[in-house]
Amino acid sequence: MNEQDARSLLEIADDELILGWRDSEWTGIAPFLEEDVAFSSIAQNEIGHARALYELVAREGGTTADELAFDRPPEEYRCSALVERRFLDWEQTIARHYLYETADEGRLQELKASGDPEVAGLAAKIDREEAYHRMHARMWFDRLKDEQRFTAALEELRPLLDAGRDQHTPELAELWEEMTMVRRSQPAGTRW
Amino acid sequence: MFPPWERAEGERRSVIYEVFRQERKGQPFQHAGSLDAADQTFAETYAKEFYGRRGESEALWVVPREAIVEVEDFVDELNRNYHRVDGYSLKEKLKEARERAGRALVARDR
């Protein structure tokens with residue numbers, strides 16, 4: 001795996017982990033039952049993708065997926081500002097979902113063309129699940145595209161796609177506290 | 001239901017869909033359950049999620065409940081049980097036939 005591939009895998013892994021976590025915050029309180037199940041399942045998929053990507057990067061770097069996911073300080077995460085925000089409004093959540101899935105599609109296409117068969121293979125596998133996410137995101141987009149609240153959310157969030165990955169919002173540090181709490185409180189002698 | 005933030009308490013702006021599932025190619029479709037969805041696209045997406053994600057289905061039929069014609073009034077005042085498969089006992093008929101054949105054999109050998 002070349003350095004460019006490793007860097008881009010880690011970016012995607014961080015995006016999927018953080019977005020999966022954020023999306024799962026809707027479990028139990030999504031606008032209706034069917035959507036609750038569907039969106040929770042999408043959140044689980046994202047975290048599954050993060051795990052597979054971390055495993056691949058970890059093998060190259062002589063570390064483990066858990067260490068990559070949870071033992072780095074928040075400022076070292078490579079995720080996009082788009083996935084960090086905690087949203088209490090459904091239209092923002094769906095606007096992010098749509099923007100993310102659309103951008104993610106292009107990124108996966110590039111990885112599928114990687115010269116490294118393991119990278120290309122994993123990207124293809126992930127992409128087959130993402131196809132369902134895109135179908136889900138598109139149906140919501142089509143349904144809400146004329147709603148002012150939704151288009152305003154799209155306009156507000158679109159710039160975050162290009163905001164860079166070096167600076168993070170305070171919301172990421174908050175999420176990191178929550179996400180790594182159990183692991184950091186590990187009593188002496190515990191092995192995962 | 002749509003958009004969800006404009007939905008009043010108890011308001012329904014969605015359709016109930018019935019989902020039928022075929023487990024393997026060539027098998028009959030069987031009722032799997034129902035879904036509440038804003039339109040056909042939502043129904044298809046949710047049906048996939050609910051009844052197809054674990055590889056348990058070869059195909060699904062997603063039908064608005066309204067489109068299903070229910071028939072439930074069946075008259076059989078004269079109890080014509082020969083209309084029903086259970087009204088004709090093959091076991092009994094076979095037994096009688098065997099007995100008749102047995103008697104015929106005995107009569108012939110005499």
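Here are a few notes on the two chains and how they meet, bearing in mind that this is a predicted model.

1. Start with chain A. Helix H1 (residues 3-24) and helix H2 (residues 33-61) of chain A pack with their axes 8 Å apart, at an angle of about 150°. Angles over 145 degrees count as roughly antiparallel, so that is how H1(A) sits relative to H2(A).

2. Staying with that pair, H1(A) and H2(A) make a left-handed crossing. The contact between H1(A) and H2(A) has 16 nonpolar residues, along with four polar and four charged ones.

3. Chain B brings a sheet. Its three strands run in the order E2-E1-E3, forming an open sheet with antiparallel pairing. E2 and strand E3 (59-64) of chain B are the edge strands, each pairing on one side only. From one strand to the next, the twist averages 25°.

4. A closer look at one strand pair: strand E1 (residues 15-22) of chain B is joined to E2(B) by seven bridges, and the two run antiparallel. For B:Arg21, the bridge partner in E2(B) is B:Gln30.

5. H1(B) packs on this sheet and touches E1, E2 and E3 of chain B. The direction of H1(B) makes about 130° with that of E2(B).

6. Now the contact between the chains, which takes 14 residues from chain A and 17 residues from chain B. On the chain B side, strand E2 (30-37) and helix H1 (40-51) each supply at least two residues. H1(B) gives the most to that side, with seven residues. By class, the side of chain B that touches chain A has 11 nonpolar, four charged and two polar residues.

Key: Residues numbered from 1 in each chain as written. Chains lettered and ligands numbered in written order. Predicted model: local features only at pLDDT ≥ 70, side-chain atom pairs only at ≥ 80, totals over all residues. Contact = placed C-beta atoms within 7 Å. Helix = DSSP H or I, 4+ residues; strand = E, 2+ residues; numbered from the N terminus. Nonpolar A, V, L, I, M, F, W, Y, C, P; charged D, E, K, R; others polar. Axes fitted to C-alpha atoms, helices over the stretch in contact; angles between N-to-C directions. Parallel < 35°, antiparallel > 145°, perpendicular 65-115°, else oblique. Left-handed = near helix turned anticlockwise from the far one by under 90°. Pairing = 2+ DSSP bridges.
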